[in-house]
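Please look over the sequence and the model below.

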Amino acid sequence: TLAWVDRQGREEPLVGLEPGAYANPRVSPDSTRVALDVPGVNNRDTWIWNVPRKSLTKLTDGPTEDILPLWSPDGGRVFFASNRTGTFDVYSQAADGATSARVEYSGPGVQFPNSFTPDGKRLLIYEEFKDLVVLTLGQPKLEPLLSTEFDERLGQVSPDGNWVAYESNETGDKVEVFIRPLSDVSARREKISIDGGRFPLWGPKGSDELYY
């Protein structure tokens with residue numbers, strides 16, 4: 001069951017949305033829609049839940065995996081990973097489904113979209129199940145951001161564009177949440193979680209909060 005949760009821990013289920021095997025919910029910038037992974041018979045697709053209308057609409061279609069939805073900063077497009085060519089690449093599609101999906105980046109190995117910079121021009125990508133890289137939209141190549149012998153994933157750029165939060169196994173057997181300056185990740189590293197942490201997500205601009 002998908003639900004809103006307030007700061008006191010009170011849960012309010014999304015009215016009209018039946019319980020189901022939903023994954024990776026992402027709320028649109030205007031808070032009126034939620035993008036979801038929804039499994040089918042042999043695959044997963046990206047769906048959109050319209051909060052005011054209480055309607056669930058299938059965005060992607062086909063026999064392949066279309067997963068990990070991510071809203072563009074203006075809410076006009078949904079980015080996702082798809083293996084429709086045999087390996088996971090980055091695609092996007094108009095959020096209203098008016099046009100078909102287009103390839104944003106296709107390369108060797110696997111790439112999963114993680115988060116945007118505030119200006120919407122650059123996209124943080126989790127590559128090859130171990131590294132964080134940056135794609136400048138419209139450009140054909142990826143720029144390395146964090147590449148070590150450890151697994152750095154779920155990179156989230158802060159609303160002011162100054163920091164990147166991510167999870168990593170670099171301290172040993174437990175995954176922890178870290179932050180680094182986005183402009184120079186080698187300049188500083190702060191461990192945020194204590195005794196394990198996962199799934200970092202920044203609060204709204206001006207809140208200076210990080211959830212995990």
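The report takes the strands, then the pocket, then the salt bridges.

## Basis

This is a predicted model. Every value here is computed from it.

β4 covers residues 33–39 and is mostly covered: 6 of its 7 residues are buried. Strand β3 (residues 23–27) pairs with β4 in the antiparallel sense, over 3 bridges. Within that pairing, V27 stands opposite V34 in β4. The two strands form a hairpin with 5 residues between them. S31 sits in the turn and has a positive phi of about 65°.

β4 also runs antiparallel to strand β5 (residues 44–50), and 7 bridges join the two. L36 stands opposite W47 in β5. β4 and β5 form a hairpin too, with 4 residues between them.

## A four-stranded open sheet

Which strands make up the open sheet of 4 strands, and in what order? The order is β15-β16-β17-β18, with antiparallel pairing. The edge strands are β15 (152–157) and β18 (190–191), and each pairs on one side only.

## The largest pocket

The largest pocket holds about 1700 Å³ of space. Its lining counts 45 residues. R26, V27, Q156, L201 and W202 lie nearest the pocket centre.

The elements that give two or more residues to the lining are β1 (3–5), β3, β7 (66–71), β11 (111–116), β15 and β19 (201–202). β11 gives the most, with 5 residues. By class, the lining divides into 29 nonpolar, 10 polar and 6 charged residues.

## Salt bridges

Side chains of opposite charge can pair when their charged atoms come close. A search of the whole structure finds 15 salt bridges.

One of them joins E209 and R7, with the closest N and O atoms 2.9 Å apart. E209 lies in the loop between β19 and β20 (210–211), and R7 in the loop between β1 and β2 (11–13), so the pair ties together parts that are 202 residues apart in sequence. E209 counts as partly exposed because its relative accessibility is 25%. R7 counts as exposed, at 63% relative accessibility.

K58 and D45 meet through their side chains in a salt bridge (3.5 Å, N to O). K58 belongs to strand β6 (residues 55–58) and D45 to strand β5; the pair links distant parts of the chain, 13 residues apart. Is D45 buried or exposed? D45 is buried, with a relative accessible area of 3%. The cut-off for buried is under 20%. K58 is partly exposed, with a relative accessible area of 37%.

The side chains of D131 and K130 also meet in a salt bridge (2.8 Å, N to O). D131 counts as buried, at 7% relative accessibility. K130 is partly exposed, with a relative accessible area of 37%. Elsewhere, D151, R153, E167 and R198 are linked in a network of salt bridges.

Conventions. Residues are numbered from 1 along each chain as its sequence is written. This is a predicted model: local features need pLDDT of at least 70, side-chain atom pairs count only at pLDDT 80 or more; totals for chains, interfaces and linings use all residues. Side-chain values use heavy atoms; hydrogens and water are left out. Two strands pair if DSSP finds at least two bridges between them. Buried means under 20% relative accessible area, exposed over 50%, partly exposed in between (1.4 Å probe, protein chains only). On a 1 Å grid over the protein atoms alone, a cavity is a set of points where a 1.4 Å probe fits but cannot get out, and a pocket is an open set with protein on both sides within 12 Å along at least five of seven lines; lining residues have an atom within 4 Å of a point. Grid points are joined across faces, edges and corners, and a volume is the space filled by probe spheres set on the points. Ala, Val, Leu, Ile, Met, Phe, Trp, Tyr, Cys and Pro count as nonpolar, Asp, Glu, Lys and Arg as charged, and the others, Gly among them, as polar. A salt bridge is a side-chain nitrogen of Lys or Arg within 4 Å of a carboxyl oxygen of Asp or Glu.
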